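User: I've got a model to go through before group meeting. Can you walk me through it in plain terms?

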Amino acid sequence: MDRDMRLYSLEVGLLHLVVDVADLSANISGRRQLLLERLGALFSASAGLWAWGTGRPDTECPNTVGALHFGLDRSQLSLFQQFSLSDKSRKEFQRPIMAHLNHEDEILCVVRRDIFDDAVWKSPNWVFNSVHSIGMNSWMHSVRYGCKEKWSSVLLFRDTEKPEFGDHERTVMRQALANIRWLWAPLITPDTKTPVGHLTERQ
């Protein structure tokens with residue numbers, strides 16, 4: 001597909017999925033879960049997580065309040081939690097990503113090649129090993145900061161059988177995080193009864 005047509009197709013797909021999800025009678029939690037799954041389908045992702053919380057990895061340890069996910073079983077979720085809560089993740093994954101934050105709108109969106117070029121990615125490194133331990137390879141990570149250091153993030157994965165995320169996916173995912181208010185952390189009320197370390201399948 002022509003590169004311009006690919007971008008146009010993703011943008012039209014994003015518009016359609018937002019309209020479709022908004023028209024459903026499901027509760028807001030159900031619509032958010034469906035929105036995440038539809039975003040994953042739009043970007044041909046194998047798995048994904050939408051998390052929200054407080055704090056910034058460049059100044060303090062982020063605190064995850066809750067999360068939704070698709071495409072990951074319990075074992076994969078456990079491995080991902082070990083990865084995301086590790087001090088090495090903050091140093092080798094989160095902080096390099098934060099360097100791409102646009103301070104005008106407090107949004108960032110990066111694909112793997114923005115952080116690790118192919119040579120570095122294929123050489124032995126902790127992030128590569130962690131991602132591959134859950135059966136994934138390519139990833140796209142987007143974060144939006146709101147008031148009082150609240151953040152929401154969408155992390156999408158593709159498995160080893162799929163091509164890398166690229167410029168078009170990054171552009172459209174950024175548009176989604178900038179304009180879809182359901183993805184913004186300030187609109188989400190945390191469920192204080194469920195510790196993040198013990199997420200349910202729906203969470």
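**Starting from one histidine**

Analyst: Let's start with H132, whose side chain makes a polar contact with the side chain of N137 at 2.8 Å. A polar contact is a pair of N or O atoms within 3.5 Å; within protein, one must be able to donate a hydrogen and the other to accept it, and residues adjacent in sequence count only if both atoms are side-chain atoms. Keep in mind that this is a predicted model: local features need pLDDT of at least 70 and side-chain atom pairs pLDDT 80 or more, while totals for chains, interfaces and linings use all residues. Residues are numbered from 1 along each chain as its sequence is written, and side-chain values use heavy atoms, with hydrogens and water left out.

User: Got it. Where is H132 found?

Analyst: H132 sits in helix α7, residues 126-133. Helices (H or I, at least four residues) and strands (E, at least two) are DSSP runs, numbered from the N terminus.

User: And what is H132 in contact with, leaving aside its neighbours within four places in sequence?

Analyst: W121, N137 and T160. Contact here means heavy atoms within 4.5 Å. T160 is 28 residues away from H132 along the chain, with 8.4 Å between their C-alpha atoms.

User: How exposed does H132 count as?

Analyst: H132 counts as partly exposed because its relative accessibility is 29%. Buried means under 20% relative accessible area, exposed over 50%, and partly exposed in between, using a 1.4 Å probe and protein chains only.

User: Which residues of α7 are buried, then?

Analyst: V127, F128, S130 and V131. They share one side of α7, because they span an arc of only 165 degrees around the axis. The arc is taken from the directions from the helix axis to the C-beta atoms. Their cover includes α3, α4, α6 (118-122), β4 and β5.

User: What happens at the start of α7? And just after α7?

Analyst: At the start, a side-chain oxygen of N125 comes to within 3.2 Å of the backbone nitrogen of V127. Just after α7, G135 has a positive phi of about 80 degrees.

User: Switching to α3. Which residues are buried there?

Analyst: Q76, L77, F80, Q81 and F83. They are on the same side of α3, since their arc around the axis is only 160 degrees. R74, Q82 and L85 are exposed on the other side. Elements covering the buried residues include β1 (47-54), β2 (63-70), α4 (87-98) and α7. At the start of α3, a side-chain oxygen of D73 gets to within 3.2 Å of the backbone nitrogen of S75.

User: Now the sheet. In what order do the five strands come?

Analyst: β2-β1-β5-β4-β3, in an open sheet with antiparallel pairing. Two strands pair if DSSP finds at least two bridges between them. β2 and β3 (107-111) are at the edges with a single partner strand each, so one side of each has no neighbour in the sheet.

User: How many bridges do β1 and β5 pair over?

Analyst: Eight, in the antiparallel sense. β1 pairs with β2 over seven bridges, also antiparallel. T54 stands opposite K150 in β5 and opposite N63 in β2.

User: How many residues of β1 are buried?

Analyst: Seven of the eight, so β1 is largely enclosed by the rest of the structure.

User: How many bridges join β3 to β4?

Analyst: Five, and the two strands run antiparallel. C109 stands opposite S142 in β4.

User: Last one: how many helices and strands does the chain have?

Analyst: Eight helices and five strands. Of the 203 residues in the chain, 48% are buried.
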